[in-house]
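Hi,

Here is the model I said I would pass on. Have a look at it first, and my notes follow below.

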Amino acid sequence: MQLEVEQYTKSEKNLQVCLKHFKKQRDDLGKAAVYGILGILHFTSGAYQKSIDYYNMAHEIYKEFNQVQEQITCLKGIGINLIKLNLFDEACDSLLECSALCSDSNDLYNLLDCLGNLIYIHEKRENWDVVFELYKKTLKSFKELHDSKGTIVSYFNLGILKKKESDFDQAIRYFKKGTNIAIDSNYIELILKGFGYVGEILVYQGKINAAKEVYIKALSTAEKFKVKNSIIQIKILLKSLGL
């Protein structure tokens, strides 16, 4: 409770009392639990190196006792702290180790967290080939979780990367896949976004009539569901294309 209301000094003082107790009892798992909470406390208060130190102490104990879920939590915490410190190489090492554990234990939710953080690092470094492969992994995970929204967004992200490379054939393939799933799932916002992506690529490819048809479909959808901002934007686009 003290941690939640940001009473960090009082919280740490009480946690150190708990730690002293577990040390006396020679309860290693109890110690690891307190180290983990201290890791959270120092991350929340912005003391990232201290947080890493406590997560590392917890991780060593959990590794010894083969506590996989707890190891995942610690490695993810270490990785996020390292990102905050702009130590991207070390963060990648921690997050890749965490990803391997997640894959081995079929923990898809934590795997997606790790992949998301790895994508952030490689986007900052503009390693677009690596980002593309990471998005493919997130796509696979979302499919396994039957998460339609995550699957759609992953397809769109892959399309955006291919558009950045001017690989318009691949880009439109990913955008269409995402849009079709959005239609099947009835996600209106994502349907409109998908139509927008597809129309844009068709314009780049010089297929103006095909682009008009896609934007007309988008306008029809926007009007049906009364999405006012989209109606205005699509009408402007259609006028620019001669309608």
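Is Lys31 buried or exposed? Lys31 is buried, at a relative accessible area of 17% (buried is under 20%, exposed is over 50%, and partly exposed is in between, with a 1.4 Å probe and protein chains only).

Before the rest, some housekeeping. This is a predicted model, where local features need pLDDT of at least 70, side-chain atom pairs count only at pLDDT 80 or more, and totals for chains, interfaces and linings use all residues. Numbering runs from 1 along each chain as its sequence is written, and side-chain values use heavy atoms, with hydrogens and water left out.

Salt bridges

The count comes to six salt bridges, taking one to be a Lys or Arg side-chain nitrogen within 4 Å of an Asp or Glu carboxyl oxygen. Lys31 is in one of them: its side chain meets that of Asp28, with 3.2 Å from N to O. Both residues sit in helix α2 (residues 28-44), three residues apart, or about one turn of the helix. (Helices are DSSP runs of H or I with at least four residues, strands are runs of E with at least two, and both are numbered from the N terminus.) Asp28 is partly exposed, with a relative accessible area of 26%.

Lys76 and Asp113 form another salt bridge, and here the closest N and O atoms are 2.9 Å apart. Lys76 belongs to helix α4 (residues 68-84) and Asp113 to helix α6, so this pair ties together parts that are 37 residues apart in sequence. Lys76 is buried at 15%, whereas Asp113 is partly exposed at 39%.

Then there is Glu200 with Lys163, at 3.3 Å from N to O. This pair also links distant parts of the chain, with Glu200 in helix α10 (residues 188-204) and Lys163 in helix α8 (residues 148-164), 37 residues apart. Glu200 is partly exposed at 24%, and Lys163 is partly exposed at 22%.

Cysteines

There are zero disulfides in the structure, the cut-off being a pair of cysteine sulfur atoms within 2.5 Å. Cys98 is buried, with a relative accessible area of 0%. For Cys18, the nearest cysteine sulfur is that of Cys74, 17 Å away, and Cys18 is partly exposed at 35%.

His122

His122 is found in helix α6 and counts as buried at 12% relative accessibility. Leaving aside residues up to four places away in sequence, His122 touches Cys92, Asn127, Val130, Val131 and Leu134 (contact means heavy atoms within 4.5 Å).

The largest pocket

The largest pocket holds about 340 Å³ of space. A pocket here is an open set of points on a 1 Å grid over the protein atoms alone, where a 1.4 Å probe fits, with protein on both sides within 12 Å along at least five of seven lines; lining residues have an atom within 4 Å of a point. Points are joined across faces, edges and corners, and the volume is the space filled by probe spheres set on them. There are 17 lining residues, and the closest to the centre are Ser99, Ser103, Leu111, Leu115 and Lys137. Helices α5 (88-104), α6 (108-124) and α7 (128-144) each give two or more residues to the lining. By class, the lining has eight nonpolar, five polar and four charged residues (nonpolar: Ala, Val, Leu, Ile, Met, Phe, Trp, Tyr, Cys and Pro; charged: Asp, Glu, Lys and Arg; polar: the others, Gly among them).

Cheers
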